[in-house]
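Student: I have a structure open and would like to go through it with you. Can we work by question and answer?

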Amino acid sequence: MELKSLECFGIKHAWQVPLICPVEIEDYTNIVTEFSKAYQLSGHKIVIAGKLVSAPSFNWVRGKGVLTIELFDELGYLLSIKLFGDTKLIEESLAEVGSTYYFKGVSFANGAYLNLRAARLISSADIGKFVPIYKSKRGYLSKEQVREVIRKQLPSTLNQAEKHLREVIKWVPNIRQVLKTKKMTLKDVLTELHNPSSVESWEEARGVIKRIAALYCIREMNALNPREPNKLVNSLHGLPINVLKEKIPFELTTEQTQIVESITNKFKEGTKVDGALIGDVGTGKTVVYGICAASVVSAGGRAAIMLPSQTLAEQIHEELNSYFGSLKPVLVTLETEQTNLEETNFLIGTSALLHRRVGVLDLVVVDEQHRFGLEQRELLLSENTHFLEATATPIPRTQALISYGNSKHIFRLTKCHAKKEITTKLRLKSESHALMKECLNQVELGNKVLVVCPTKDNSENFASVEEVFTKWNKFARNKVRYIHSGCSPDHNRKSIADIKSGKASILISTTMVEIGLTIPRLTKTIIYHAERFGTITCHQIRGRLVRHGGKGQLDLYCPTEIGEKSLQRLLLLTKFDDGYELAEQDMILRGFGDIVKASDISQSGSTKSILIGEKVDVSDVEEILSTLETTN
């Protein structure tokens with residue numbers, strides 16, 4: 001296979017091949033050749049060697065194909081192996097009767113009977129070695145195929161990778177202390193990573209390469225400051241804040257006022273803002289950035305607010321227009337025919353703004369930053385543009401820059417206008433009846449229930465909106481409505497109107513309810529197959545609960561078995577209800593986002609810039625920063 005086959009991992013250059021990190025290694029140096037020892041090791045994983053004395057036999061047992069293999073050791077002891085499923089390739093590999101073959105599996109002894117369970121045929125070329133295991137790419141490459149490509153490419157790419165890594169670490173004093181290695185060179189590290197001489201050497205090499213990846217992140221965070229926070233730009237003296245506040249039909253909290261004054265003072269000083277406005281649903285982010293935008297426009301400047309959906313853009317435009325109508329805010333969506341907006345000073349819209357001529361802007365606000373890619377968030381900026389990202393839960397990349405970088409002004413809102421108490425629970429399939437009963441009880445009390453599904457129809461193997469609607473409608477006939485992107489706008493508007501008016505009490509939806517929707521008296525939300533949703537998405541959905549105060553509950557319903565990583569992520573939601581804290585814990589769990597301004601506009605929890613197959617651990621970054629501070 002050629003290098004091109006690794007493109008599914010994001011590989012674009014040959015030097016990246018040695019930076020595909022094995023997730024583990026398997027020890028094929030201890031071979032059991034006497035089956036009496038395998039008998040003693042019953043219940044343990046072992047590698048055995050035995051002679052094939054007859055051709056494997058294939059039979060159908062209860063509708064399943066079973067390949068039976070019998071091996072003998074030198075003393076004539078028998079060990080039996082049964083393989084299920086598609087065994088054609090294995091059968092073809094066991095063509096030579098009388099030859100020795102190697103298998104790895106779990107030894108199982110029962111009386112005089114000995115077999116090897118969950119067995120795998122091991123290539124004789126791997127015996128006596130420590131073999132690296134790589135992540136597969138479903139639909140593209142198996143683990144074995146990935147290993148084979150890397151094996152072939154390694155000799156010609158090792159020096160290139162070493163050269164790139166040397167550039168990453170050349171700025172670091174006392175590099176061996178930072179990387180925690182006394183003798184290994186960069187070439188040794190890469191060699192041991194893919195062709196380990198021992199378990200200990202592989203673990204050391206893996207630790208070194210992960211710390212180099214952490215150094216890369218630190219270097220990029222230090223360098224990522226093209227719009228310096230203290231850079232001077234044209235000053236903007238807008239209407240006094242008290243005048244703008246008078247246009248708001250409710251009283252701002254002290255916290256909101258302080259943040260508005262802090263940001264607008266920077267406008268007046270001519271200090272460029274590159275900031276994050278962080279606050280959970282209900283803390284009043286909209287009115288804060290709305291006043292800031294109004295301040296810029298009233299000073300003769302130009303401001304744009306970009307939002308992730310037309311529904312939310314229309315809602316924010318309506319709200320800000322009711323406050324600052326004299327400033328003539330213009331709504332921009334895909335339906336907007338006008339393409340040249342360079343003469344319009346106050347723009348509120350969706351990503352349609354990116355496809356219009358908007359000219360030079362003095363302020364850009366991006367709300368719900370996690371719904372936009374990195375490049376999308378920055379396309380509207382010029383050299384002297386103030387930039388404000390609004391979010392409840394910063395994505396890992398932004399959180400990394402907040403925690404360890406030096407390029408962000410941070411403005412945190414922590415006070416909600418309404419007192420809320422929300423409980424989050426992980427619920428399993430065994431609790432489905434209790435869950436339904438709880439929901440029906442809420443309906444009886446005159447409250448509303450929201451059920452969020454991962455898919456809109458039955459095209460995937462997960463609970464869909466349409467499937468759940470059919471089921472729930474049997475229990476609460478005529479009280480259930482559903483919405484998703486495949487429905488007509490009229491259907492969705494009517495369904496939401498029925499829920500808000502009280503004509504219906506249960507809404508089944510996809511994540512289109514994540515932002516911009518307020519459901520009165522919503523006290524119960526269930527996320528079906530919660531393991532399929534990101535932490536930020538789940539938290540945003542949680543923000544729909546009891547918007548006007550009171551008690552609510554989010555149920556993370558997992559009707560099927562979930563993996564350990566998914567479980568850890570969902571448990572974060574049960575422990576942390578503050579978006580900022582949740583984002584910080586999510587970053588620790590997932591690693592950093594892509595710190596580099598790459599051409600890729602997606603967001604990812606794991607860095608894609610230097611190391612492939614391993615996340616950049618926050619603990620490594622923190623430890624290295626501490627070491628660097630000590631040595632400087």
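Student: Which residues does Glu192 touch, not counting residues up to four places away in sequence?
Tutor: This is a predicted model, so every value here is computed. Leave out residues up to four places away in sequence. Glu192 then touches Met184, Ser197, Ser198, Ser201, Trp202 and Ala205.

Student: Is Glu192 buried or exposed?
Tutor: Glu192 has its place in helix α5, residues 186-194. Its relative accessibility is 14%. The cut-off for buried is under 20%. Therefore Glu192 counts as buried.

Student: How far apart in space are Glu192 and Lys37, C-alpha to C-alpha?
Tutor: In sequence, Glu192 and Lys37 are 155 residues apart. In space, C-alpha to C-alpha, the distance is 31 Å.

Student: What is the secondary structure of the protein chain?
Tutor: Helices and strands both occur in the protein chain. The count comes to 19 helices and 22 strands.

Student: What percentage of the residues count as buried?
Tutor: The protein chain has 632 residues. Buried means under 20% relative accessible area. Of the 632 residues, the share that counts as buried is 52%.

Student: What share of the contacts comes from residues 24 or more positions apart?
Tutor: Take the contacts in the protein chain with a separation of 6 or more. Residues 24 or more positions apart account for 70%.

Student: What box do the C-alpha atoms fill?
Tutor: The box is taken along the principal axes. It is roughly 95 × 65 × 45 Å.

Student: How far apart are the mean positions of the positive and negative charges?
Tutor: The protein chain has 81 positive and 74 negative charges. Their mean positions are apart by 3 Å.

Student: How many aromatic pairs does a search of the whole structure find?
Tutor: A pair of aromatic rings is described by the distance of the centres and the angle of the planes. In the whole structure, the number of aromatic pairs found is four.

Student: Is the pair of Phe469 and Tyr482 stacked, edge-to-face or tilted?
Tutor: The ring centres of Phe469 and Tyr482 are 4.8 Å apart, and the planes are at 50°. Under 30 degrees counts as stacked, and over 60 as edge-to-face.

Student: Which elements hold Phe469 and Tyr482?
Tutor: The pair links distant parts of the chain, 13 residues apart. Phe469 lies in helix α14 (residues 465-475), and Tyr482 in strand β19 (residues 480-483).

Student: Is Tyr482 buried, partly exposed or exposed?
Tutor: Its relative accessible area is 22%. Buried is under 20% and exposed is over 50%. The value falls in between, so Tyr482 is partly exposed.

Student: What kind of aromatic pair do Tyr528 and Tyr557 form?
Tutor: The distance is 5.1 Å centre to centre. The planes are 85° apart. Planes over 60 degrees apart count as edge-to-face. So this pair is edge-to-face.

Student: How many residues apart are Tyr528 and Tyr557?
Tutor: Tyr528 is in strand β21 (residues 522-528) and Tyr557 in strand β22 (residues 550-558). The pair links distant parts of the chain, and the separation is 29 residues.

Student: Are Tyr528 and Tyr557 buried or exposed?
Tutor: Relative accessibility is 9% for Tyr528 and 6% for Tyr557. The cut-off for buried is under 20%. So Tyr528 and Tyr557 both count as buried.

Student: Which ring does the charged end of Arg117 sit over?
Tutor: The distance from the charged end of Arg117 to the ring centre is 3.6 Å. The ring belongs to Phe108.

Student: Which residues does Thr525 touch, not counting residues up to four places away in sequence?
Tutor: Thr525 is found in strand β21. It is buried, with a relative accessible area of 0%. Thr525 touches Leu450, Ile541, Leu545, Gln553, Leu554 and Asp555.

Student: Is Ala118 buried or exposed?
Tutor: Ala118 has its place in strand β8, residues 113-122. Its phi is near 50°, a positive value in a residue other than glycine. Relative accessibility is 69%, so Ala118 counts as exposed.

Notes. Residues numbered from 1 in each chain as written. Predicted model: local features only at pLDDT ≥ 70, side-chain atom pairs only at ≥ 80, totals over all residues. Heavy atoms only, no water. Helix = DSSP H or I, 4+ residues; strand = E, 2+ residues; numbered from the N terminus. Buried < 20%, exposed > 50% of the residue type's maximum accessible area, 1.4 Å probe, protein only. Contact = heavy atoms within 4.5 Å. Lys, Arg positive; Asp, Glu negative; His and termini not counted. Charge placed at Lys NZ, Arg CZ, Asp CG, Glu CD. Phe/Tyr/Trp six-rings, centres within 6.5 Å; stacked < 30°, edge-to-face > 60°. Lys NZ or Arg CZ within 6 Å of the ring centre and 35° of its normal.
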